[in-house]
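Could you take a look at this model with me? I have jotted down a few spots to check on screen.

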Amino acid sequence: MFRQKAISSAFRHYASAAAAASKGGPQPRASVPDYGLFASRLAKARATILEGKPLALAQKILYAHLHDVSKMTSAPVPGETYLKLSPDRVAMQDASAQMAILQFMLSGMNQTAVPTSIHCDHLVEAYEGADLDVARSWQTSREIYEFLQAASEKYGIAFWRPGSGIIHQLVLENYAAPGTLMLGTDSHTPNAGGLGMLAIGVGGADAVDAMAAIPWELKAPRVLGVHLRGSLHRWGSPKDVILELAGKLTVRGGTGYIVEYFGQGVESLSCTGMATICNMGAEVGATTSVFPYTDSMARYLAATKRADIAEAAGAQRASYLTADPEVVADPAMFYDEIVEIDLDKLEPGYNGPATPDLHTSRSLMAKAVADQGWNDNVSAALIGSCTNSSYQDLSRAASLARQASARGVRVAKGTEFLVSPGSEQIRATMEREGIQKAFEDIGAKVLANACGPCIGQWNRDENPLVKTRATNSIVSSFNRNFRARNDGNPNTMNFLTSPEMVLAAALSGRLSFNPLTDALRDAQGNEFRLEPPTGDELPHDGYAAGRDEYQPLLRHDPAKDIPISQSSTRLQTLAPFAPWDGGEFADTRVLVVVKGKCTTDHISAAGKWLKYKGHLENLARNTLIGAANAAMDGQVNVVRNAVSGLEPAQGTIPDVAAAYKTAGIPWLVVADYNYGEGSAREHAAMQPRFLGCNMVVARSFARIHETNLKKQGVLPLVFANPGADYSIFTTDPHQLVVRTEGVETLNEHHTVVWLVVDRVVDGATVESHKIECNHTMSADQIAWFKAGSALNLIASQQQEQNQKRN
């Protein structure tokens with residue numbers, strides 16, 4: 001292992017670059033981007049490697065952020081070439097920031113190389129409502145908040161306290177800027193694409209690269225164009241665009257792509273509406289999503305006190321912030337794929353349950369409820385999350401609430417109605433304009449400006465439906481709906497839809513209710529139909545500032561001490577992972593063969609486990625507890641021990657993994673398609689690594705998770721023949737012993753690694769298989785693997801330099 005001082009020394013090697021890149025400490029909001037620098041970089045790329053080829057918007061922004069185009073000898077090949085990029089900004093939420101900060105603390109740097117912000121939105125549990133929940137989060141998570149606040153002060157990071165708002169809404173309001181590149185330690189970072197920013201969700205180790213001025217690596221993505229025609233009808237919502245697209249592409253259809261929207265329909269959308277669409281692009285596996293610069297973006301920038309950015313961006317609109325004219329004129333020639341969506345014909349929709357790509361149009365929902373046997377009674381209706389908590393979202397939903405209230409109608413009996421504002425600015429504005437009162441008049445509970453139920457921070461434990469694990473339906477404006485995600489009950493079915501449809505479901509209490517055709521009954525029993533919702537893109541009187549205590553903390557004190565107690569159960573300093581020993585993997589056991597969908601929620605659960613995000617050893621106790629075992633009829637979190645005499649003989653996945661670790665037995669995971677979809681949490685890679693995993697072999701991977709595995713020194717492999725070869729592992733995998741051929745000669749030009757799989761019964765090999773697999777690692781990523789992790793590599797390089805000097 002490498003000692004901390006070696007890692008610190010290595011990071012200091014980049015300190016001069018960090019000083020040059022720094023914007024002078026924590027920022028309350030973004031400064032005007034250096035469009036001159038972007039233009040210079042892009043011009044150099046056009047003149048050399050690109051040979052004047054017309055570019056889509058996404059490509060322009062990427063190539064304007066190439067770290068050093070002079071080191072490239074040819075045009076990037078999508079899906080093959082790795083780009084080295086220089087991000088402009090980093091944003092982190094409080095759950096993922098803990099591990100990122102623990103890694104960055106090894107740097108020895110006085111401040112981050114790029115403007116960085118931390119947003120405390122994940123650790124506030126929804127229970128009693130708003131201020132009471134924020135106060136309780138200080139009681140339960142004070143240690144974490146004080147750690148993150150101290151680190152922010154030490155390194156010049158803008159710190160947004162709990163209750164200030166959801167990370168992506170705050171980034172949109174304060175930090176997003178057209179044509180810039182941001183990394184965020186949350187999968188829904190692409191939200192900022194609604195303001196023309198290329199915003200990419202990553203793990204904490206990737207964020208640390210940018211914070212330390214180390215070029216960030218991304219495999220050159222393809223560009224999927226989404227052509228929007230027409231304009232939304234009165235019941236239509238931007239949410240319906242992405243619900244429709246998710247249904248078309250599925251949860252892995254966007255993998256390896258940036259989704260770029262174009263066409264006449266773009267101009268009809270608000271900035272926050274476009275952010276909604278980009279936000280949920282994460283659910284199709286896309287690297288990110290982006291819109292060209294529009295008038296609505298300029299209006300939003302001006303309304304959020306960034307008129308200077310709007311003016312500068314306006315001057316770049318034709319040359320930089322939209323696709324080249326040739327691409328606009330003939331998109332089919334330049335986009336890798338095109339999806340057509342006619343907004344005039346687009347129906348409101350519901351996606352779910354259990355997956356965000358199961359799309360049902362509103363007009364077909366009643367039939368689907370009957371055909372599928374879904375519970376028609378809506379037990380909870382929830383508006384909010386980073387996807388749908390803007391002023392426009394809430395004002396349109398409130399217009400329906402006012403109609404109901406005027407008729408004496410409240411939320412249906414048996415339905416809980418919860419609303420989460422996106423930020424303190426949004427909350428204060430909705431209070432000033434009577435939007436909050438409109439919701440409360442029909443029975444809503446307004447929650448804190450935080451993620452809450454969307455990420456499983458929902459104290460619903462006393463609800464009989466949760467206590468008894470009863471099947472029930474909820475309707476939400478969220479972005480993700482995996483089983484057990486929201487309230488811990490695997491039988492809670494979450495249907496994703498627009499805020500307007502959530503409000504209609506709250507009033508009717510029925511999943512099958514269609515407000516476009518069905519009637520409600522007023523207090524006198526008379527039928528009436530809801531009029532289509534109305535609402536403003538922006539508040540006429542501007543946004544209310546809100547309470548002072550929710551403004552960002554902008555201190556910078558390099559001498560600040562960062563508290564970590566040795567006895568803490570919440571925080572733990574990191575020890576570097578052991579480097580690769582230089583040989584082939586041998587005597588590796590199969591811990592589990594994962595069946596079907598396995599998201600990062602399944603690999604590293606959130607909810608009650610969020611409190612351990614800064615303590616790897618404790619968090620490892622939840623490793624893969626949501627995974628279904630293909631070898632045991634799909635049982636969840638149950639595996640057989642492969643080693644005779646080792647306890648437990650059969651047990652939970654983390655218990656057996658820990659037993660292997662104690663015994664010094666390496667293990668691997670065999671996984672299905674799109675393994676690791678969902679959030680950006682790097683813990684889903686760090687936990688298996690901590691417990692002794694050396695490989696994950698999958699039919700396919702989600703982008704962020706595959707990168708996170710590489711960062712932590714785990715070898716991700718993909719079956720060359722995913723059908724037959726996966727099946728070999730599904731029968732008695734505890735009998736299988738695996739060794740590799742090709743790891744010793746691993747390189748970026750030869751992608752094949754062979755698995756030699758022996759079935760051993762009573763000490764004798766009864767059958768053998770040789771299975772072809774492929775890796776996708778670049779030369780740099782192979783170096784991470786050999787060093788044991790990306791962070792270890794920096795240390796080893798610095799050690800070599802020190803030895804040469806001595």
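My notes follow as numbered points.

1. Ground rules before you zoom in. This is a predicted model, in which local features need pLDDT of at least 70, side-chain atom pairs count only at pLDDT 80 or more, and totals for chains, interfaces and linings use all residues. Residues are numbered from 1 along each chain as its sequence is written, and side-chain values use heavy atoms, with hydrogens and water left out.

2. Two cis prolines. The peptide bond between Gly352 and Pro353 is cis, with omega near 5°. Pro353 sits in the loop that runs between strand S12 (349–351) and strand S13 (359–361); helices (H or I, at least four residues) and strands (E, at least two) are DSSP runs, numbered from the N terminus. Glu647 and Pro648 are also joined by a cis peptide bond, and there omega is about -5°. Look for Pro648 in the loop between strand S24 (639–640) and strand S25 (650–651).

3. Ala213 has phi near 65° and lies in the loop from helix H8 (204–211) to strand S7 (216–219). Its relative accessibility is 18%, so Ala213 counts as buried (buried is under 20% relative accessible area, exposed over 50%, partly exposed in between, with a 1.4 Å probe and protein chains only). Arg469 has a positive phi too, near 55°, in the loop between helix H19 (464–467) and strand S17 (472–476). With a relative accessible area of 42%, Arg469 is partly exposed.

4. A buried serine. Where is Ser395 found? It belongs to helix H16 (residues 391–406), and Ser395 is buried because its relative accessibility is 7%. Leaving aside residues up to four places away in sequence, Ser395 touches Ile435, Thr534, Gly535 and Asp536 (contact means heavy atoms within 4.5 Å).

5. A helix pair. The axes of helix H5 (residues 94–104) and helix H6 (residues 130–155) come within 10 Å and cross at roughly 50°. Axes here are lines fitted to C-alpha atoms, for helices over the stretch in contact, with angles from 0 to 180 degrees between N-to-C directions. H5 and H6 are therefore oblique to each other (under 35 degrees is roughly parallel, over 145 roughly antiparallel, 65 to 115 roughly perpendicular, and the rest oblique). On the H5 side, the residues that meet H6 include Ala97, Ile101 and Leu102; on the H6 side, those meeting H5 include Phe147, Leu148 and Ala151.
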